Amino acid sequence: MGEILQKAGGGPHELRDLIVEGAEGNPFYVEELIKMLIEDGVIVVGEDHWRVELERLARVHVPPTLTGVLQARLDSLPPEEKMLLQRAAVVGRLFWDTAVAELKANEEGGLDEEDITALLEAVRDRELVFRRERSAFAGAEEYIFQHTLLRDVTYETVLLDVRRVYHGQVARWLEVAAGKRIGEYLGLIAGHYELAGEGEKAIEYLLRAGDLARLAYACQEASGYYHRALPLLEVQGRLDQAARTLMKLGLTYDLSFDFQGARQAYEQGFA
């Protein structure tokens, strides 16, 4: 904390007390709280020296938790920047500018490339996201939220109905962007289809991901995908396919020498 406030001469004791009381030893809380105070005009940043506005400090409400500080920072953003981060949060902690450009809840709700570029620069300046040197997808810039918790807090502010629409759009963007490397992204695509409520597509990708993982002897990963697919198959009444999936699950358990688990899966499948 002393390092961060060095330019403010260590900061007045009122500010130091405020930060110490809330931080409870969490350096990320300290960092985010100071950024919040800068954005609120409590700390005025100069070239060589920072100034603390004690009158503003007396009026400011300091959230007691890190989640609260992040929520306060998010709420203080201009609407367009908050909208951009919300869409990015649906993509994931790791996201791509062209994926965000695909997301719209209605015909009028999209952001064009110029808007997205400018807004990403703005939230980068606030150190909410960072741009990575390399991108997994050609023609797309890759970004990452500063912290998983920041992404989670932002995601929770997206309306449930809108989330579902966005997740479906992310899944379809990934299908195209992945191209011949789609095998690397089967699980990610499946997850977006699950959250979109598109059961049929989710099943397709979960089973493909499970099969690929099983053939690569990634047994824990494979059984996870099969277990996620099974309740979706049952809801849709696809019991024959559920039985075949249970057989695959049994094979997966066999490969990992979990013979009791294998037996249970086989018995359920035959039933």
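Two strands pair if DSSP finds at least two bridges between them. The views below come from a predicted model.

**View 1. Strands E4 and E5 pair in antiparallel fashion.** Strand E5 covers residues 142-145. Three bridges join E4 to E5.

**View 2. Three strands form an open sheet.** The strand order is E3-E5-E4, and the pairing is antiparallel. Strand E3 (94-96) and strand E4 (129-131) are the edge strands. Each of these two pairs on one side only. On average, neighbouring strands of the sheet are turned by 30 degrees against each other, direction ignored.

**View 3. Leu-85 is a buried residue of helix H5.** Its relative accessible area is 1%. Buried means under 20%, so Leu-85 falls within that class. Leaving aside neighbours within four places in sequence, Leu-85 is in contact with Leu-74, Leu-77, Val-123, Leu-128, Val-129, Phe-145 and Thr-154. Val-100 lies 15 residues from Leu-85 along the chain, and their C-alpha atoms are separated by 9.1 Å.

**View 4. Helices H11 and H12 cross at roughly 155 degrees.** H11 takes in residues 199-215, and H12 takes in residues 219-235. Their axes come within 8 Å. Angles over 145 degrees count as roughly antiparallel, so H11 is roughly antiparallel to H12. H11 passes H12 in a left-handed crossing.

**View 5. Residues of H11 meet residues of H12.** On the H11 side, the contact includes Gly-199, Ala-202, Ile-203, Leu-206 and Leu-207. Asp-211 and Arg-214 of H11 also take part. On the H12 side, the residues include Glu-221, Tyr-225, Tyr-226, Arg-228, Leu-232 and Leu-233. The residues of this contact divide into twelve nonpolar, two polar and four charged.

**View 6. The whole chain holds 14 helices and five strands.** The chain has 271 residues, and 44% of them count as buried. Among contacts in the chain with a separation of 6 or more, 57% come from residues 24 or more positions apart.

Notes:
Residues numbered from 1 in each chain as written. Predicted model: local features only at pLDDT ≥ 70, side-chain atom pairs only at ≥ 80, totals over all residues. Heavy atoms only, no water. Helix = DSSP H or I, 4+ residues; strand = E, 2+ residues; numbered from the N terminus. Axes fitted to C-alpha atoms, helices over the stretch in contact; angles between N-to-C directions. Parallel < 35°, antiparallel > 145°, perpendicular 65-115°, else oblique. Left-handed = near helix turned anticlockwise from the far one by under 90°. Contact = heavy atoms within 4.5 Å. Nonpolar A, V, L, I, M, F, W, Y, C, P; charged D, E, K, R; others polar. Buried < 20%, exposed > 50% of the residue type's maximum accessible area, 1.4 Å probe, protein only.
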